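Welcome! Let us walk through this structure together, beginning at the ligand and then turning to the domains.

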Amino acid sequence: MTKITVAKGDGIGPEIMDATLEIILAAGANIEIEEIEVGEKVYLAGNTAGIAKESWDVIRRNKVFLKAPITTPQGGGYKSLNVTTRKFLGLYSNVRPCMSLHPFVKTKHPEMDIVIVRENEEDLYAGIEHQQTDEVVQCLKLISRPGCEKIVRYAFEYAKHYGRKKVTCFTKDNIMKQTDGLFHQVFDEIAKEYPEIENEHWIIDIGAAKMADTPEAFDVIVMPNLYGDVLSDVAAQIAGSVGLAGSANIGEECAMFEAIHGSAPRRAGQNLANPSGLLQGAIMMLNHLGQTKIAEKVQNAWLKTIEDGIHTYDIFKEGVSKQKVGTKEFAQAVIANLGQQPTHLKSVTYSEEASFNLPKYQRKPASQKDLVGVDVFVQWQGLNPDELAEKIQKLNSEKVQLSMITNRGIKVWPEGFKETFCTDHWRCRFKPTDGNLMSKQEILNLLSQAVDLDIDTIKTENLYNFNGKSGYSLGQGQ
Ligand code: NAD
């Protein structure tokens, strides 16, 4: 018997959770339930995190968490419980299978069967944002080697375990050569360890267009956090309905399973909601717990119920559906089908073999890191970059000198275009005069002189070479 944590959430949450638990227990799930309260009531009681400290203890002790959607009250500085849970528990991998159920659920893509594996902890979602000048704000995009290795390996292990043929990587590394470049590079490295699985990389824009147009061209797709957030909703929607998809959030220690939809407050308490999304989450949970035969039994009974035309209002369609049912009746229909296989839709078989091989990240030996310059960012209200250059060049010394100024990444000095639009946020790049290394003391000297000359410095970024390889991008147009 495995103890799991359950939160029934808000809105339609309690109804779909009751239905889901009833189905999986009827199928023989070997679980003991420990319930906690999260969400609206907890928020409104004054806890801005939406969860009590004791509930964290329960989640961390049981390690597996099945969560119904919750309502985050508007305004008032309430923090998203989902984001906090993912980050606190290190749930680095978000897995969302999106499969069409043609012809029983309307979709333009009858052949679609893809799994989106989304990095869940880093990228632009680290939430490190700063206003730097009157006109410019920034958000730091952090991509780490451990983050990339863990998520890419997870995608390949998932593909291997579930008999999938191909893993595709989406990035925008033609533009973001350092951040997305690292993700792509790690993808290529790890793909080599799985010669039996096909691998490919697409630039995200054309990849996304292809996915929305011809999803059957893809199998498993792995991508950084932001792209995955957007594209997993697109994938669920074009498969037929956001209301049918489940989601797994997997970490090294803990895991959380849920539906991808929200708490649909307008549908609450009316026995209307479709429990399928949460049931899909629960099936992933059973697989995670190694109760694969139970997971298989539930999934096949669910597929059979869908193809029998027993549908809740959200997917009910005259001429295709046979019977419009409520949440409870849908659950009863799935239970009645336990042990049966679908005849039109493809039945599933889940492997009982031991779970994924996900070794802990091993930190590599530190590189030889050489300081080869510094970018000094300044706020300046002027318009002509040549004027700024004249001012900034006063910081030049025997050892370092201004080599370039950019505005929003594009080079504006030397030899800028007068057509380039400039904001009040300027990056001034200093390089050592002899083309060699520079010292941190020289950076301090630059900044201290800038104070004396009344130059408004906002921040600096050190330019490093790692084992002789450049660790920074050139200015656009440089
Ligand atoms: P929603 O997903 O709750 O609803 C969108 C639409 O889909 C509505 O028309 C709704 O009636 C319908 N719908 C959703 N799930 C359904 C189901 N199972 N059966 C039938 N119809 C269903 O999105 P929303 O309205 O933007 O958000 C409502 C609340 O949910 C907000 O407070 C939001 O913060 C929260 N939310 C929570 C989660 C989560 O806890 N994981 C995720 C998304 C949104």
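How far does a backbone N or O atom of threonine 72 lie from an oxygen atom of the ligand? The distance is 3.4 Å, which falls under the rule for a polar contact: a pair of N or O atoms within 3.5 Å, where within protein one must be able to donate a hydrogen and the other to accept it, and residues adjacent in sequence count only if both atoms are side-chain atoms. Side chains take part as well: tyrosine 313 places a polar side-chain atom 2.8 Å from a nitrogen atom of the ligand, and for glutamate 258 the distance from such an atom to a ligand nitrogen is 3.5 Å. Taken alone, the ligand exposes 810 Å², and the protein buries 66% of that (areas by the Shrake-Rupley method with a 1.4 Å probe).

A word on the source: this is a predicted model, in which local features need pLDDT of at least 70, side-chain atom pairs count only at pLDDT 80 or more, and totals for chains, interfaces and linings use all residues. Residues are numbered from 1 along each chain as its sequence is written, and side-chain values use heavy atoms, with hydrogens and water left out.

Now for the domains. The chain is divided into domain 1 (1–107 + 240–345), domain 2 (117–231) and domain 3 (369–470), with bounds from an automatic or database domain assignment. The centres of domain 2 and domain 3, taken over C-alpha atoms, are 32 Å apart. Seven residues from domain 2 and eight residues from domain 3 make the contact (heavy atoms within 4.5 Å). Across this interface of domain 2 and domain 3, six residue pairs are in polar contact, both at pLDDT 80 or more.
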